[in-house]
Amino acid sequence: MSESTFMGVQRDKIDWKPTIDYSKCDYCMECVKFCPHKVFEVNEEEEIKLIVKNPNNCVVFCRACSKTCGPNAITFPDKNTTTQMIKAIRKEENND
Amino acid sequence: MIDNCAILPCNGLDKCAGAVSREVAVKLCENNANEIICPVFYRVAEAKYNKIVGEHPLIVIDGCQTRCASKLAAEKNLRVFKKITITEEAKNHNIVLSGGLTPGESDKVLVDLILKGLVNEPENSGLISDVQDISCNFDYNTFQNGKFIFRIPRGAQIYFNENDCWAYVIGNRARIGVTDFVQQNLSDILYFTPPEIGAEIDQFGEAGEIESSKSVFEIVSPVTGKVTAVNSMLEQKPELINENPYETGWVAEIELTDFENDKELLIGFDKYFELVKRKVEELNG
């Protein structure tokens, strides 16, 4: 399901995942229904019913789930920062 | 001005943004020949509204990003002429919604600003689109998965990012768009939100959105630069992206400002063709 690399960089080295603000989340689960990559997990038994279970499944630079979020509870890292980070890792790996 | 349109507002009676959406719809009908479609009644008795939605441009007003009104329009396969999202408008105008279920003072200010924006719309950007005569008659390689055919254009001037967007680079300009992978996954595209002409976009920044009944896709710009033109045909006919996302369905033109750096995170035809084949296989098993 997930890409193991993005632009030649190991996916788990790239900080790109949704963060849920639980003070805003109303557990409507629209994000879960939307995301085909199984990034989220629902557990109705727990107090916190929704978690980011598989952050590395999240497609780098995709923010689509946040656009389905009525209460605006999902945020992502700054794209520019992530881009610079990817470039830095690539440079470092090329120098190795 | 919005006149002689069908207005499909959100029905969020338990949310402030829903109340504001209703207020905007009502105001739009007070002084103009617009007609409101009640989303609740439309769902159970669509015959009442079929004539209105068939004969008038449709304005959809969503309260929040749950986009209930948009989803209803998509469900009924309606082409949307214009969309407004109250929470987005509030953010753009730096207004905090009151939170009440009847419009408070700040909500009324927002309603007025939205209505004024609709009156002044044609002058909004203040910039004239500068479309270049870029000929996009590409050669393609194709592959098939089930009933779906994927075409990928090849050529030295065509670049892709791993977010399934392409750039066709000529000199210091690029025309950008989405690939077949995006349009096949979204299926029928019903709405296009263009990037603003004159906007400065970073590589991987947002260059508009496209929306189908299945999903919203943020167009991830392959290049850094200034938007000089958008494909205005898509606002009337977003389905052109389904028909041919590389030629008639292009999205925007960008004046490049940092292409040498951008290239570092772009791939050419060979790599993208392999990548997209893998993605399709992973999605469809």
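Helices here are DSSP runs of H or I with at least four residues, strands are runs of E with at least two, and both are numbered from the N terminus. The model is predicted.

**Exercise 1. Outline the fold of chain A.**

Task: state how many helices and strands chain A has, and in which pattern they follow one another.

Solution. 
1. Count the elements. Chain A holds two helices and six strands.
2. Read along the sequence. The pattern is β-β-β-α-β-β-β-α.
3. Take the extent. The C-alpha trace of chain A spans about 50 × 25 × 20 Å along its principal axes.
4. Check burial. A residue is buried if 20 or more other C-beta atoms lie within 10 Å of its own. Chain A has 96 residues, and 24% of them count as buried.
5. Look at sequence separation. Take the contacts in chain A with a separation of 6 or more: 63% of them join residues 24 or more positions apart.

**Exercise 2. Describe the contact between chains A and B.**

Task: find how many residues each chain gives to the contact, and which helices of chain A take part.

Solution. 
1. Count both sides. Chain A gives 19 residues and chain B gives 18 residues.
2. Assign the chain A side to helices. Helix 1 (30-34) and helix 2 (79-95) of chain A each supply at least two residues.
3. Find the largest share. Helix 2 of chain A provides it, with five residues.
4. Sort the chain A side by class. Nine residues are nonpolar, five are polar and five are charged.

**Exercise 3. Trace the six-stranded sheet of chain B.**

Task: write down the strand order of the open sheet in chain B and name its edge strands.

Solution. 
1. Write the order. The six strands run 7-8-9-15-14-11, with antiparallel pairing.
2. Recall how pairing works. Strands of a sheet pair through backbone hydrogen bonds.
3. Name the edges. Strand 7 (158-160) and strand 11 (200-201) of chain B each pair on one side only.
4. Strand 11 of chain B pairs with strand 14 (residues 225-230) of chain B over two bridges. Here Glu200(B) has Lys226(B) as its bridge partner.

**Exercise 4. Examine strand 9 of chain B.**

Task: decide whether the residues of strand 9 of chain B are buried or exposed, and list its pairing partners.

Solution. 
1. Check cover. Six of the six residues of strand 9 (residues 173-178) of chain B are buried.
2. Separate the two faces. Arg173(B), Arg175(B) and Gly177(B) point one way, while Ala174(B), Ile176(B) and Val178(B) point the other way.
3. Take one neighbour. Strand 8 (residues 165-170) of chain B pairs antiparallel with strand 9 of chain B over six bridges. Tyr168(B) stands opposite Arg175(B).
4. Two residues lie between strand 8 and strand 9 of chain B, and Gly171(B) takes a positive phi near 60°.
5. Take the other neighbour. Strand 15 (residues 252-256) of chain B pairs antiparallel with strand 9 of chain B over four bridges. In this pairing Ile176(B) has Ala252(B) as its bridge partner.

Conventions: Residues numbered from 1 in each chain as written. Chains lettered and ligands numbered in written order. Predicted model: local features only at pLDDT ≥ 70, side-chain atom pairs only at ≥ 80, totals over all residues. Contact = placed C-beta atoms within 7 Å. Nonpolar A, V, L, I, M, F, W, Y, C, P; charged D, E, K, R; others polar. Buried ≥ 20, exposed ≤ 12 C-beta atoms within 10 Å, placed from the backbone. Pairing = 2+ DSSP bridges.
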